[in-house]
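Visitor: Hi! Could you walk me through this structure in simple words?
Guide: Happy to, let's have a look together.

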Amino acid sequence: MSVGYTTGSALADTAAPTGPIEERWDERRFTAKLVNPANRRKHRVLVVGTGLAGGSAGATLAEQGYHVVQFCFQDSPRRAHSVAAQGGINAAKNYRNDGDSVRRLFYDTVKGGDFRSRESNVFRLAQISTQIIDQCVAQGVPFARKYGGLGVYLDFRDAITRLGRAAVEEKYGNLFDMYQQITAENPYEVPMRIYPAIHYTMGGLWVDYDLQSNVPGLYVIGEANFSDHGANRLGASALMQGLADGYFVLPSTLADYLARNPLPAVDPAHEAVRQAESEVGDRISRLLSIKGTRTVDSFHRELGTLLWEQCGMARSESGLRKALDRIPQLRAEFWRDAMVPGTGEQFNQELEKANRVADFLEFAELMVLDALQREESCGGHFREESQTPDGEAQRDDEGFSHVSAWEFTGVGADPVLHEEQLEFEYVHPVQRSYA
Ligand SMILES: Cc1cc2nc3c(=O)[nH]c(=O)nc-3n(C[C@H](O)[C@H](O)[C@H](O)COP(=O)(O)OP(=O)(O)OC[C@H]3O[C@@H](n4cnc5c(N)ncnc54)[C@H](O)[C@@H]3O)c2cc1C
């Protein structure tokens, strides 16, 4: 069975200030209400995630005096996928007159995202980028400016001869260790095998200029914030965004929300907490009672392979339809035959994994549907039916100059598509050439 969708009301970012783009963030901060420092400790802010975005937000909010409670699901808060980022960070620093400016970074980011991000948000990101590096340096965070090159092999022999092994080790030792653990090859001696992978699936949660989602009081930052990257991440813009959101944007906009909204105290006896607990309990019991024969890993692998093959960098209508047929079957098989050993009474990694794979099985279907509906090649995604006669990616600005925000309405039910039209006042769309 393949799922269709319905079209819902249009979305608009009503939190974005108007006026000259250079002044919008200052204007927003000026109109934002402040929380009196003496009152901050009365607010409990829950931060889900300890990566760059959650970490920087938690640190800043705690420093400002809020009561911060921070969550993560790894065994250590340091294990967020932020740890994998070994390359650079962008910023409009104009080091040694290298031609940087806020305007150039803004322009490059909008164009790099293939005109599918919001101008106001990206301009703010470029403005704030200059402060991020100063903040990181003050905290002792090492950073580089650029990604390494991409090829089939990455050979460090010349660099080692030129700079010495110690210099290369100091810079990349951590990455080399991980590589050696995974491949059993020594990257100091043998060229690294690398692959141009789908670094990202573009997307995230819909947020307004304040980074508030459609759920009041729920803010979304970092990689989960859809609004800055458009249809493509520029190398090194993810670190910039995570830190910009966490250090600088959220602390201002969240304060405005807290100052304007009376928030009654809630405790664990609250009806909503009890309901959430009972739903989680039911789901855990359901997973443990399947007692099937097929490992969760094998479901995960099949789903991953399906997405990799049919909804990767290149995708076609027929492949996407194939995936849309298979995912609901796979999900039904999962709930009928998954093997989840152990109990829910103690730490149980298999149970935890099963919970996440169950989520992936729902999310994957929506992701494939979105890819099918967006009949254009754009940014990091090449839709095979949408190419120029000489094989270049063909964007369709008339049909798809919008954000597609999908409302999940339950398993097996049609999701609802809400569109937010994108306006380009400052950077006018041009066709990107990958030649
Ligand atoms: C191999 C690799 C190399 C990269 N290199 C670069 C680079 O050179 N430059 C660059 O700019 N970017 C790079 N990136 C991208 C960059 O690392 C990420 O965009 C960035 O780290 C994301 O940070 P984040 O805080 O938004 O999310 P994450 O670091 O993914 O953190 C998410 C957090 O949320 C928590 N969490 C998730 N779900 C739950 C839940 N249900 N309950 C509780 N906690 C939960 C997790 O435990 C984690 O702490 C790279 C990424 C990878 C994978």
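Guide: Here is a short tour, from the domains down to single residues.

Visitor: Great, what kind of model is it?
Guide: This is a predicted model, where local features need pLDDT of at least 70, side-chain atom pairs count only at pLDDT 80 or more, and totals for chains, interfaces and linings use all residues. Residues are numbered from 1 along each chain as its sequence is written.

Visitor: Which domains is the chain divided into?
Guide: There is domain 1 (6-140 + 201-260), domain 2 (151-195) and domain 3 (271-421). Those bounds come from an automatic or database domain assignment.

Visitor: How far apart are the centres of domain 2 and domain 3?
Guide: Their C-alpha centres lie 35 Å apart.

Visitor: Now the strands. What is the order in the sheet with β1?
Guide: The order is β1-β11-β10, in an open sheet of three strands with mixed pairing. β1 (6-7) and β10 (402-407) stand at the edges with a single partner strand each, so one side of each has no neighbour in the sheet. Helices (H or I, at least four residues) and strands (E, at least two) are DSSP runs, numbered from the N terminus.

Visitor: How many bridges join β1 to β11?
Guide: Two bridges join β1 to β11 (residues 416-421), and these strands run parallel. Two strands count as paired if DSSP finds at least two bridges between them. As for individual residues, Thr 6 has Val 416 in β11 as its bridge partner.

Visitor: What does β2 pair with?
Guide: β2 pairs with β3 (residues 67-71) in the parallel sense over five bridges. Val 48 stands opposite Phe 71 in β3.

Visitor: Let's switch to helices. How do α10 and α11 cross?
Guide: The axes of α10 (residues 296-310) and α11 (residues 317-337) come within 10 Å and cross at roughly 170°. Axes are lines fitted to C-alpha atoms, for helices over the stretch in contact, and angles run from 0 to 180 degrees between N-to-C directions. The two helices are therefore roughly antiparallel to each other. Angles under 35 degrees count as roughly parallel, over 145 as roughly antiparallel, 65 to 115 as roughly perpendicular and the rest as oblique.

Visitor: What about α9 and α12?
Guide: The axes of α9 (residues 271-290) and α12 come within 11 Å and cross at roughly 105°. That makes α9 roughly perpendicular to α12.

Visitor: Where does Leu 369 lie, and is it buried or exposed?
Guide: Leu 369 lies in α12 (residues 349-373). Leu 369 is buried, because 24 other C-beta atoms are within 10 Å. The C-alpha atoms of Leu 369 and Leu 324 are separated by 7.2 Å, and these residues are 45 residues apart along the chain.

Visitor: Last one: what is the phi of Ala 184?
Guide: Ala 184 has a positive phi of about 60° although it is not a glycine. Ala 184 is in the loop between α7 (165-183) and β5 (192-193).

Definitions and conventions:
Buried ≥ 20, exposed ≤ 12 C-beta atoms within 10 Å, placed from the backbone.
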